Amino acid sequence: MTSFDTSPQLNVWRGLLALAVVFVMLATTGWTALKGDRPTTPLQASLSAWEKGRIAGHDLPDPDVSPARLAVFFASLTAQQRGRLAHRYPLAVGNMNGAPVELRYRANRIALDQARRTELKRMHDSRLSPDGQRDAGRRMHRYEALMTDTRHILAFDPEGSGRVAEVFGDLGKAERISVVVPGVDTDLLTFQRTYRKYSAPVGMAKSLYAAEKAASPSVRTAVIAWADYTAPGGIGLDSATGVRAAEGAVRLNALVRALPGGAPVSLFCHSYGSVVCGVAARELPGRVADIAVAGSPGMRVEKASHLHTSAQVWAMRDADDWIQDVPYLELGGLGHGADPVSSAFGARVLSAADAKGHSGYFEPGTESLLNFAEIGVGAYRSVHCSDNDKACRAGLSGTTTDGRA
């Protein structure tokens, strides 16, 4: 819920909760949304072409097989053959869990260039309205920015409002991996901002990466700005239900299971992103060491133990965050359950001192960011608990006397 910043909007949220009974009645009396046949998306077209493709006289593997099997396939190829696949099927390879990370970066750079050229044509298409041409221009410039050599795009899909994920650091050599999971109004155009940059996924991830380096320079880290799910757009049924979260949870689990190596993974989930992490928790692999939520409207459970995860669950909320006024309940599918910072929930509650409202948890110099960084490098004994409550550090293992992993 990165742009979900004003308390008057809470009235809308409460109104949506009040519609729960109507929602249930409609759902149970046969009401459905009609869906027509959808046109093939660029990603679907690339995957379809892959499924019909061959290399060195052999069929290409099913793109839906396990990442481990795909990794074996790519390892069997020469560098030239891998490069050929990236050029032939850039969107397929660029989004393929199991493909080598560096190959995905290369494939997505090609896919971004193709999308950029498409939008460049649309900018001058007289059949589009002026607003449509301006939108094409914004997308074209965003693609240009993402395709530079200094950026490492792990996933990219131009369809609709767009999906994208970017890596900071060396994912293959990382000893700890952090994944930033953002909330509503996250798409290609809001993936990075100049104004209020730490409220956008790129700013969040870059800020966390720098803070982790400062917290423990000797620990090799990588941070992923993960906007590779279709987030709700503003206040509406999508943000009040778990539908988008359920879809995002599948994609988040697929990402984590395909990450190279065996480094521990920490998830940092902001606002509606914490709903995604809550839904994903049960299926997360054991390498996920931490789920840390900030400004959460709920994780769709009543207690942290109901997440059924081996990961440590951390929670924080700034005193000025309006999200505290959201009704923490679930009724007829609307709302996201208990407050993660409440004592009854059972999370390890952290200080968020100096965080700047609902979207300021990743601002440099805040205790919220420092806490995230300490978790990201595994320095659990260095975290600052809420109200100096040491219970949030109780029973932690894997740390040394100086708080370092």
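Select helix H8 (residues 130-146) and then helix H7 (101-123), strand E3 (153-157) and strand E4 (163-169), against which the buried residues of H8 pack; helices (H or I, at least four residues) and strands (E, at least two) are DSSP runs, numbered from the N terminus. This is a predicted model, in which local features need pLDDT of at least 70 and side-chain atom pairs count only at pLDDT 80 or more, while totals for chains, interfaces and linings use all residues. Residues are numbered from 1 along each chain as its sequence is written, and side-chain values use heavy atoms, with hydrogens and water left out.

Within H8, colour the buried residues, among them Gly132, Ala136, Met140 and Tyr143, where buried means under 20% relative accessible area (1.4 Å probe, protein chains only).

Next, show H7 and H8 together: their axes, which are lines fitted to C-alpha atoms over the stretch in contact, come within 8 Å and cross at roughly 155 degrees, with angles running from 0 to 180 degrees between N-to-C directions. The two helices are therefore roughly antiparallel to each other, a term for angles over 145 degrees.

Finally, move to serine 274, whose place is in helix H12 (residues 272-280), and which is buried, with a relative accessible area of 0%. The side chain of serine 274 reaches the backbone oxygen of serine 271 at 2.6 Å. Leaving aside residues up to four places away in sequence, serine 274 touches Cys269, Val293, Ser296, Pro297, Gly298 and Met299.

Technical notes:
Buried < 20%, exposed > 50% of the residue type's maximum accessible area, 1.4 Å probe, protein only. Polar contact = N/O pair within 3.5 Å; in protein donor to acceptor, adjacent residues only side chain to side chain. Contact = heavy atoms within 4.5 Å. Expected span 1.5 Å × (residues − 1). Parallel < 35°, antiparallel > 145°, perpendicular 65-115°, else oblique.
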